[in-house]
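Q: I am new to this structure. Can you show me how to read its features, step by step?

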2 protein chains.
Amino acid sequence: MKTHNFYAGPSILPEFTKERTAEAVMNFAGTGLSVMEVSHRSKEFVAVMDEARDLVKELLEVPADYEVLFLQGGASTQFYMVPFNLMKTKAAYLNTGTWASKAIKEAKLYGEVIEIASSKDKNFNYIPRGYEVPADVDYFHITTNNTIFGTEILEDLDVPARIVADMSSDIFSRPIDIKKYDVIYAGAQKNLAPSGVTLVIIKKDILGKVDRPIPTMIDYRTHIDKESMFNTPPTVPVFAALMTLRWLKENGGIKEMEKKNIAKAKLLYDELDRNKMFVPNIPNPEDRSRMNVTFVMASGYEEFEKEFLEIAAAHDIVGIKGHRSVGGFRASIYNAMPIESVGVLVEAMKEFEAKH
Amino acid sequence: MKTHNFYAGPSILPEFTKERTAEAVMNFAGTGLSVMEVSHRSKEFVAVMDEARDLVKELLEVPADYEVLFLQGGASTQFYMVPFNLMKTKAAYLNTGTWASKAIKEAKLYGEVIEIASSKDKNFNYIPRGYEVPADVDYFHITTNNTIFGTEILEDLDVPARIVADMSSDIFSRPIDIKKYDVIYAGAQKNLAPSGVTLVIIKKDILGKVDRPIPTMIDYRTHIDKESMFNTPPTVPVFAALMTLRWLKENGGIKEMEKKNIAKAKLLYDELDRNKMFVPNIPNPEDRSRMNVTFVMASGYEEFEKEFLEIAAAHDIVGIKGHRSVGGFRASIYNAMPIESVGVLVEAMKEFEAKH
């Protein structure tokens with residue numbers, strides 16, 4: 001049996017990552033010990049951390065004045081760590097969903113938050129456009145992909161302020177121009193690793209400008225100085241991240257991933273636009289996420305939601321129930337998702353339609 | 001080849017934990033998916049979190065007015081999270097080593113820190129006694145085991161203040177009277193799990209007494225309300241923790257662990273007291289850690305340190321080089337370390353002595 005894993009996160013990882021991690025849990029780098037029980041200061045683990053950092057730099061073409069960090073605590077920790085380190089007086093936030101709203105809530109503890117635009121009026125089913133970002137804010141915060149609602153900012157923005165981007169659910173899914181961002185952070189449990197590690201890419205010159213005292217662990221400079229080894233890093237998630245990074249490189253890198261992601265998303269959205277039983281949540285094709293495809297039953301067919309879940313389950317599809325704040329369905333089709341599995345979902349949709 | 005793993009942390013875990021985790025990385029709870037790629041909201045993972053919490057309560061006999069949490073960020077995060085949540089005006093700290101000193105440093109950002117006693121005068125080679133803790137401090141912070149220097153507070157203290165204890169390296173190694181503590185925290189990577197998860201046991205009535213605004217992720221009440229699922233928990237470390245907790249229960253629980261730990265420590269300290277080549281770092285037997293046994297070359301034999309490391313390596317012993325701030329050797333003999341491995345180290349010591 002092949003299970004088709006459409007979970008939103010933690011979510012599908014490459015077989016390569018799973019197999020190598022299972023091996024290392026029993027015998028890591030020929031040590032005879034588990035990757036779970038080897039000192040993070042051992043030469044074997046230091047090599048893992050170094051290669052993971054280097055591969056992020058290589059795959060994303062990170063310029064030399066940026067640092068790559070592997071931290072703990074998820075994006076939720078970055079929500080307060082960003083303003084703690086960067087907010088002098090005010091920052092601008094784009095409110096495109098649940099996670100952006102949570103980031104705004106934490107930032108308000110540290111200064112003035114200007115909500116520059118919001119799509120809350122339509123339950124976050126579009127990406128606001130045409131707003132202006134003041135040049136005098138300390139930074140402009142965006143959430144590039146909205147896992148719950150299914151929108152995505154698919155281009156690198158040009159604004160007259162430093163950009164901080166939560167890319168938790170679309171990092172590595174398309175090439176990005178790192179120079180346009182000052183901070184990128186991403187909880188790893190979508191396109192990189194199991195939960196428990198957070199990737200941060202940060203431009204060094206943005207730091208050291210605030211006056212408030214910063215606890216050592218919250219200070220990005222601590223982790224830059226100690227190369228993500230100030231305290232014990234989450235060794236298994238970092239090891240798994242390295243495996244995924246190797247897999248990315250061996251499979252053509254980020255540009256190749258983007259091609260595949262475009263093809264997968266097209267296959268699914270085309271079916272949603274065609275199939276009489278479903279309606280995609282996001283009307284504007286330009287705003288539709290390539291990672292999280294959300295949809296509901298078409299008008300008049302609402303009562304058949306459960307039936308479709310049963311048909312999907314019969315095709316060994318898991319994880320397509322929509323988030324409780326949207327309802328309906330969500331198919332998450334991250335990097336590791338093969339187009340064949342998307343095809344199985346589309347087949348299930350056609351089968352469902354044929355019954356009605 | 002059997003490797004004898006004396007690393008200080010991340011450190012030896014039971015074979016049971018390693019084997020079950022490797023299995024679950026390929027196929028978790030019969031889902032056909034990896035424990036790395038299953039939603040933390042899936043019924044299978046919620047069951048893991050629930051059982052882990054319940055087993056901690058059962059094994060440590062945690063009273064009903066306490067909560068058990070699984071967080072991220074290690075003890076280093078607790079160093080600021082504790083004062084952030086608990087310090088109104090002043091707190092007392094016992095300075096018994098590197099980690100206690102780091103906890104003191106972070107607490108100073110939030111109020112007055114009274115260093116109630118310190119063993120820094122003798123490079124932390126003893127546990128201070130005979131001090132008095134003022135009754136009007138918000139809490140009294142101790143580090144029960146000092147991983148680097150090799151001392152341990154082996155009894156539950158009676159003081160007229162709420163006790164906060166960093167038990168990162170001796171949790172589950174002996175029965176403790178939870179009622180004597182208001183907060184216990186422990187980075188998991190010694191006696192519980194791989195790095196990346198932090199166990200917190202907290203008395204609920206200690207919270208809600210400070211006025212400062214607390215970021216959501218730093219507020220213990222967030223994690224109590226959401227049962228450690230406010231954000232995505234580190235699923236693999238939590239799964240591995242559950243396996244170790246099951247292993248603890250199946251192997252007689254904490255009292256049985258204590259018996260074995262006493263026997264292992266006695267075997268090693270007796271040899272150190274007898275063997276002419278070595279001197280244990282901690283003179284007072286009552287202060288000697290049962291978890292981290294530190295020792296140096298005896299006077300006149302300093303030049304043979306490297307030779308002993310080679311003999312140890314020939315016995316497939318890893319991880320006994322001492323921390324750079326102490327030098328010499330450190331043998332960490334946590335719960336999962338079989339007495340047979342301690343015996344191999346003792347044999348290596350005897351062999352070394354016989355050569356001189």
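Predicted model: local features only at pLDDT ≥ 70, side-chain atom pairs only at ≥ 80, totals over all residues.

Q: Where is Arg41(A) found in chain A?
A: Arg41(A) sits in a loop of chain A, between α1 (15–26) and α2 (43–60). The unreviewed UniProt entry places a "binding site" annotation on Arg41(A).

Q: Which residues is Arg41(A) in contact with, leaving aside neighbours within four places in sequence?
A: Val46(A), Met229(A) and Phe230(A) are its contacts on that count.

Q: What does UniProt list for Lys190(A)?
A: The unreviewed entry gives "modified residue: N6-(pyridoxal phosphate)lysine" for Lys190(A). Lys190(A) is also in a loop of chain A, this one between β9 (183–187) and β10 (198–203).

Q: Is Lys190(A) buried or exposed?
A: Buried means under 20% relative accessible area. Lys190(A) has 12% relative accessibility, so it counts as buried. Not counting residues up to four places away in sequence, Lys190(A) touches several others, among them Ala8(A), Thr147(A), Ser169(A) and Tyr334(A).

Q: Now a strand residue. Where is the place of Thr143(A)?
A: Thr143(A) belongs to strand β5 (residues 140–143) of chain A. Its relative accessibility is 2%, so Thr143(A) counts as buried. Leaving aside neighbours within four places in sequence, its contacts are Thr96(A), Trp99(A), Ala100(A), Ile153(A) and Asp166(A).

Q: How do I read a pair of packed helices?
A: Two values describe such a pair: the angle between the axes and the distance between the axes. Take helix α6 (residues 235–250) and helix α7 (residues 253–274) of chain B. They pack at about 80°, and their axes are 7 Å apart. Angles of 65 to 115 degrees count as roughly perpendicular. Therefore α6(B) and α7(B) are roughly perpendicular to each other.

Q: Which residues of α6(B) and α7(B) make the contact?
A: From α6(B) come Trp247(B), Leu248(B) and Lys249(B). From α7(B) come Gly253(B), Ile254(B) and Met257(B). By class, four residues of this contact are nonpolar, one is polar and one is charged.

Q: Last step, the two chains. How many residues of chain B are in contact with chain A?
A: Chain B contributes 57 residues, and they are in contact with 57 residues of chain A. The area buried between the chains is about 4,400 Å². Carbon and sulfur atoms give 63% of that area.

Q: Which three residues supply more than any other three of the area that chain B buries against chain A?
A: Lys18(B), Met36(B) and Glu37(B) do, with 15% of that area.

Conventions. Residues numbered from 1 in each chain as written. Chains lettered and ligands numbered in written order. Heavy atoms only, no water. UniProt positions renumbered as here; feature names shortened; annotations may be inferred. Helix = DSSP H or I, 4+ residues; strand = E, 2+ residues; numbered from the N terminus. Contact = heavy atoms within 4.5 Å. Axes fitted to C-alpha atoms, helices over the stretch in contact; angles between N-to-C directions. Parallel < 35°, antiparallel > 145°, perpendicular 65-115°, else oblique. Nonpolar A, V, L, I, M, F, W, Y, C, P; charged D, E, K, R; others polar. Buried area = accessible area lost by both parts, 1.4 Å probe. Buried < 20%, exposed > 50% of the residue type's maximum accessible area, 1.4 Å probe, protein only.
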